[in-house]
Amino acid sequence: MTIYLRENIKRLRREKDLTQETLAEFLGVTFQSVSNWERGESYPDITMLPAIASFFGTSVDNLLGINKIEQERKQEFYYHNSK
């Protein structure tokens, strides 16, 4: 299962025209942490997910890309069962 957290944090931050430093300051982490998240080198602590989602005005499910994951699963299921 692919988690889309890295892509979503980067996309949402850029859509709001914010720097990594701005997001980091709000969350109380270093900008290097945010940079590492966006590069997929590490993940934020799970307890931070609600704060990150709230900052961007979205849900934790959307932040993680759950909708996209479910869509991919359905497509794979239909593909394999239509043969």
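1. Asp17 has a relative accessibility of 70%, and therefore counts as exposed; the term exposed applies over 50% relative accessible area, buried under 20%, and partly exposed in between (1.4 Å probe, protein chains only). Asp17 belongs to the loop that lies between helices H1 and H2. Its phi is near 55°, which is a positive value in a residue other than glycine.

2. The model discussed here is predicted: local features need pLDDT of at least 70, side-chain atom pairs count only at pLDDT 80 or more, and totals for chains, interfaces and linings use all residues. Residues are numbered from 1 along each chain as its sequence is written, and side-chain values use heavy atoms, with hydrogens and water left out.

3. Helix H1 comprises residues 5-15, and its buried residues include Leu5, Asn8, Ile9, Leu12 and Arg13. They lie on the same side of H1 because they cover an arc of only 125° around the axis, the arc being that of the directions from the helix axis to the C-beta atoms. Arg14 and Glu15, on the other side of H1, are exposed. Helices (H or I, at least four residues) are DSSP runs, numbered from the N terminus.

4. Which helices are included in what covers the buried residues of H1? They include H2 (20-27), H3 (31-39), H4 (49-56) and H5 (60-64).

5. Asp61 is found in helix H5, and Asp61 is partly exposed, with a relative accessible area of 43%. Asp61 and Leu5 are 56 residues apart along the chain, and their C-alpha atoms are separated by 9.7 Å.

Key
Helices (H or I, at least four residues) and strands (E, at least two) are DSSP runs, numbered from the N terminus. Contact means heavy atoms within 4.5 Å.
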